[in-house]
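Try each one before reading its solution.

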Amino acid sequence: MVDPSDFLYPHSPYHGQFKPENLVFNANLQEFAQKVNYICNLETAGKLPPEEAYQQIKQLWKDLKQSKKSLGI
């Protein structure tokens with residue numbers, strides 16, 4: 001049986017230098033990209049106002065930066 005989250009949140013394999021923090025950051029980066037893609041699509045379809053889309057992406061970016069900082073990368 002296929003897990004629905006694999007369809008909604010696909011993850012590509014990591015090919016960089018293996019360190020646990022790099023692997024975690026890569027997963028966070030892929031999640032960031034997927035969420036930005038959804039927000040952009042909702043804004044393009046008129047389901048989300050541009051300012052709200054901008055604020056959501058800005059918050060996601062701050063979260064990603066905090067993740068990078070906390071992982072020591």
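**Exercise 1.** What does the accessible surface of the protein come to, and what share belongs to carbon and sulfur atoms?

*Solution.* The model is predicted, so local features need pLDDT of at least 70 and side-chain atom pairs pLDDT 80 or more, while totals for chains, interfaces and linings use all residues. Residues are numbered from 1 along each chain as its sequence is written, and side-chain values use heavy atoms, without hydrogens and water. The surface is about 5,800 Å², with 60% from carbon and sulfur atoms (Shrake-Rupley method, 1.4 Å probe, only the protein chains shown counting as cover for residues).

**Exercise 2.** Find the aromatic pair and describe its geometry.

*Solution.* Start with the definition: rings of Phe, Tyr and Trp (its six-membered ring) pair if their centres lie within 6.5 Å; planes under 30 degrees apart are stacked, over 60 edge-to-face, and the rest tilted. Searching the whole structure gives one pair. F32 and W61 form it, tilted, at 5.8 Å centre to centre and 55° between the planes. F32 sits in helix α2 (residues 20-44) and W61 in helix α3 (residues 50-71), so the pair ties together parts 29 residues apart in sequence (helices are DSSP runs of H or I, at least four residues, numbered from the N terminus).

How values were computed:
Helix = DSSP H or I, 4+ residues; strand = E, 2+ residues; numbered from the N terminus.
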